[in-house]
Structures are given as structure tokens and as C-alpha cells.
Amino acid sequence: MRLDKFLAHQTGISRTLVARELRTGLVTVDGEIVKSGSRQISADNEVAYDGNIMSHVTGPRYFMLNKPEGYVCSTDDPVNPTILYFVDEPVAHKLHAAGRLDIDTTGLVLMTDDGQWSHRITSPKHHCEKTYRVTLDAPVADDTAALFAQGVMLNGEQHPTKPARLEIITAQDVRLTISEGRYHQVKRMFAAAGNHVNALHREQVGGIVLDETLAPGEYRPLTDEEIQSVF
């Protein structure tokens, strides 16, 4: 691979800016200053930019993160802090969330740089289920489970939601499993049922369950079994 292409991929800056940085002598290959972007490198070469060694990332990566409240799932936001704050990985800006959570929603976020894998999770045609723990403002009505099971017409929508499963834990603490990802869907479903969501926490995506040992803000790589469960 060309050195300038490698640096652009690793840093997220343009090839034009990379060429400028190379001319300043900030880049070394195996300890030697290199100013030409056309230099060919391999995984055996140690590339450093301004003294920081750049890792050669190979193959797709998959992680689960226990998202805290107050962070957005985009990789770049001019106003709010993003979940990338917690991810200490090479070329972290190349990762994306496979199914986002609202800023005030906590719990399981899957992160990857494998677009096909994340498409299996987010595409409506694959019907990947997501399970949420929901804290309600008022006791859940007796007919809510049946209402959700047959589908709910949300405000501003032309079609009802797909059937969803509601498990009542206590009067104001429930678990909801849906197979869609409409805008604010869980909150809007309970609003349609005459209730209000006070707190929302995602516990599971498909066959992948949030690791209970992860504190808010912590993450870990997915196991091979978890990765394959999406397919």
C-alpha cells in the first residue's frame, strides 16, 4: 500500500493534507523520515506520525458497548459527545454503530467497520429483533400487550408497527421486543398507548445480549459466536 493512502486511512485526513505533513518530516517508516507518499509499505513496516506509531488494522472489527446517557451514536457531532469517546482502538473513526440509540437511551450498542454485517442488523427486511427494558411514567394498561401484539398506528405513520412482544415485570417496569427501527419507536408506541417512557435501556440485539460485566462506557470485542449469530 502507498504510504499516503495508509496515512489518510489511519488519520481520516485528505491525501493533500497528508502530503503536506510528509513534507514537514513528521512521518517515519522503520525510524527513517520519509517525505514521499508513493513509498510502498506493508504490515511489517512500523509507520509513525509525529512520534505516534500507526497500527496496521486488518480485517473487520466488532464490538459491544454499554452506552451511557448523554452520548450520541454518530461518529462525529458538533454539539454532543459521541460514543467514540469510550473506544480506544486504532482508526476508531472508521467504526460505526449498527443501530443507533437516542442520546437519553442507554445500553447495548454494536460497533463495527463491516457494512454488510451492520446492514443485517439495521435493514427492515431482516427483521432483527431488539429488546428494551422500559421504565414507564404510569402503570401499564391491561390492554397494552395485546395492542402491541397486533400492531400500533403511530402518529404521522401510514402503516402500523409490526407485532411486538411486551413482558410485564412490574406495573411500571416492562420489557419490549420489536423487529423494526422507526424513529423513537418505543417511546411513540407507549405514547400511542397513553403512557410515557421515563427511561429506556437496550438489552439485546438479535442473539447478542449486553454483557452484564460491562459498566456504562465500557466495551469489549464480540465473540465469534456473537458475530455469526447475526447471519
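This is a predicted model: local features need pLDDT of at least 70, side-chain atom pairs count only at pLDDT 80 or more; totals for chains, interfaces and linings use all residues.
Local features need pLDDT of at least 70 and side-chain atom pairs count only at pLDDT 80 or more, while totals for chains, interfaces and linings use all residues. Residues are numbered from 1 along each chain as its sequence is written, and side-chain values use heavy atoms, with hydrogens and water left out.

**View 1. Packing of helix 1 and helix 2.** Helix 1 (residues 3-11) and helix 2 (residues 15-23) pack with their axes 9 Å apart, at an angle of about 110°. Helices here are DSSP runs (H or I, at least four residues), and strands are runs of E of at least two, numbered from the N terminus. The axes are lines fitted to C-alpha atoms over the stretch in contact, with angles from 0 to 180 degrees between N-to-C directions. The two helices are therefore roughly perpendicular to each other (65 to 115 degrees). Helix 1 contributes Leu-3, Asp-4, Lys-5, Leu-7 and Ala-8 to the contact, and helix 2 contributes Arg-15, Val-18 and Leu-22 (heavy atoms within 4.5 Å).

View 2. Ser-74 lies in the loop between strand 5 (62-67) and strand 6 (96-97). Its relative accessible area is 11%, so Ser-74 is buried (under 20% relative accessible area, 1.4 Å probe, protein chains only). Not counting residues up to four places away in sequence, Ser-74 touches Thr-82, Ile-83 and Arg-100.

**View 3. Cys-73 and Cys-128.** The whole structure contains 0 disulfides (pairs of cysteine sulfur atoms within 2.5 Å). The cysteine sulfur closest to that of Cys-73 belongs to Cys-128 and is 15 Å away, too far for a bond. Cys-73 is buried, with a relative accessible area of 3%; Cys-128 is also buried, at 13%.

Definitions and conventions. Buried means under 20% relative accessible area, exposed over 50%, partly exposed in between (1.4 Å probe, protein chains only). Angles under 35 degrees count as roughly parallel, over 145 as roughly antiparallel, 65 to 115 as roughly perpendicular and the rest as oblique.
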